[in-house]
Amino acid sequence: MREQNAYYTLRSLPGVLILSLLFLLPMAVVFSYAFSDGGNALMEAVEDGYTYRLLSFTLTESFLSAFISVIVALPFAYLFSKYSFPGRSAILTLSALSFTIPTILVVLGFVIWYGNNGILNSLLMKLTGKNYAVIEVLYSFKAIILSHVYLNFPIAFLLITEAWTASSDTAEKASYTLGKGRMRTFISVTLPMIRGSIISAFILIFLFCFSSFAIIMVLGGNPQYSTLETEIYRRARVSGNIPEASALSLLAFFITGAILLISSYGRTKKKTERKSRVLLKAKGKNLLMMCLASLLILLFLIPPILSIVYRAFYTKAGTLTLRAWEEITGRGFGLISTAMEGIIASFLIAFLSSLAAVLLSASMALLSARKNSVILPFLASLPMAAGSVTLGLGFSLLAAYIPHTSPIISYALVFFAHLIIVLPFSIRTMTPGARTIAPSLSLSAYTLGASMTKTLRKVEMPLLRPYMRKAFAFSFALSLGEVNATLTLSDGHITTLPILIYRLISSYDYQGAAALGTILLLEALIVFAIGEKGGRNAVS
């Protein structure tokens, strides 16, 4: 066993070294600025009341977003873990798809659908006869919370539904037999069984919202809704005050790192065989309830995304036009070459960073599973705590030490930034799959004379492959829609599809943004379909 652990440690060493290098180098540069001038910038940040206002708002919006996402997901998870009906798989697949939709598309979809002059308000004005916006959502605190819930509801829904479905209902039946009611049974029996998935979903969503950037910048639309992440970007790129931006980065990293550490402490990965509950076939009133729940999910998730496709072909007045497409394909003006460059660059960066992440993650996931360790997953999660804006800032500061004029170097730095961003999610996706591989299979192969390398190639990797496809699809979607680090690192010189969409939204060219958003959505759909061939969702 010791020899096998040494083998897997050696196999995972390249991944660990690259993960450490790509994380520690940019973070070291950022933090060196925070402690420059004797740590004056850090002391000023700690003593500044505005810092605590930023922190208070960031914690508040993150907590509310995560809390509401989980609370809204619970009743839907209950229904989908108890009843079976013809549309169940389709709704779960749609939720998994929503999970991989790039954030910039959520921003664009909300602007087009919920805007004062958006599609929803246009429909409501026609129905009510009013000549002003019936629903005012954008550029407010409620826009931030609603968009975060939209983006993260599928995470909570899928994680809790999976855990609830996998849990045995024997204890619940015993509780009912003893005369306990539904509510008492839920609180004393069911809730402890699914508590882990609820906490995991809450923490994951909290971290996503804590480092949210595009949603805050566009849908918040007001300096009073600034968060630590957006303020880091403003001070680094708008004000040019790198020490202050670095000081805020250090504060944000300390908070999110502490949350990760607390959430991973005492977390065990015991392999217990539990009999999954048998889903009841929904009939009559229950079937109607399931159909209603599915309809609510569809009405919440689909309209903002479909509005992007609609707006790509129709003007605000409803007139069919192909202007944006002519510009993209080279038959219009200004955007032409830039759009094609962004499309190609986004695809190549996402493909290469995802492929590298999967190849590096496989050995680390197997090592973590064999040692039943939470240390490696925790260390791999540290880039999540740093935030993509901070990582982008670190790589941009590193670039200053590399004299170059070639755009290849600039794109290489973007690739490294994307790799360190998607690598933690790739490891988290594959580790549960690695834990499902019974050690007895490898031992049997060794007994039959197979080497450790051959056992890895012929036995373990084929079993891990479905999770590798999932990890690739998830990583590709994250890289494809990445805005934060790229915008911070690019300094206006690097073009990717999400950056182009962000710029077009900022200049109110929603049709051009929608056309590019449709292309981005199509790419995400194709990669998601490839990932779905790997089986059911494996994110933990």
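Start by selecting the helices that each supply at least two residues to the lining of the largest cavity: H5 (103-114), H7 (141-166), H9, H10 (214-220), H16 (375-386), H17 (388-399), H18 (407-435) and H20 (452-480). Helices here are DSSP runs (H or I, at least four residues), numbered from the N terminus. This is a predicted model, where local features need pLDDT of at least 70 and side-chain atom pairs count only at pLDDT 80 or more, while totals for chains, interfaces and linings use all residues. Residues are numbered from 1 along each chain as its sequence is written, and side-chain values use heavy atoms, with hydrogens and water left out.

Colour H7 next: with four residues, H7 gives the most to this lining. The cavity has a volume of about 640 Å³. A cavity is a set of points on a 1 Å grid over the protein atoms alone where a 1.4 Å probe fits but cannot get out, and lining residues have an atom within 4 Å of a point. The volume is the space filled by probe spheres set on the points, which are joined across faces, edges and corners.

Finally, move to H8 (residues 170-177) and H9 (residues 182-210), which pack with their axes 10 Å apart, at an angle of about 155°. Axes are lines fitted to C-alpha atoms over the stretch in contact, and angles run from 0 to 180 degrees between N-to-C directions. H8 and H9 are therefore roughly antiparallel (over 145 degrees).

Definitions and conventions: Parallel < 35°, antiparallel > 145°, perpendicular 65-115°, else oblique. 1 Å grid on protein atoms, 1.4 Å probe; cavity = no way out; pocket = protein on both sides within 12 Å on 5 of 7 lines; lining within 4 Å.
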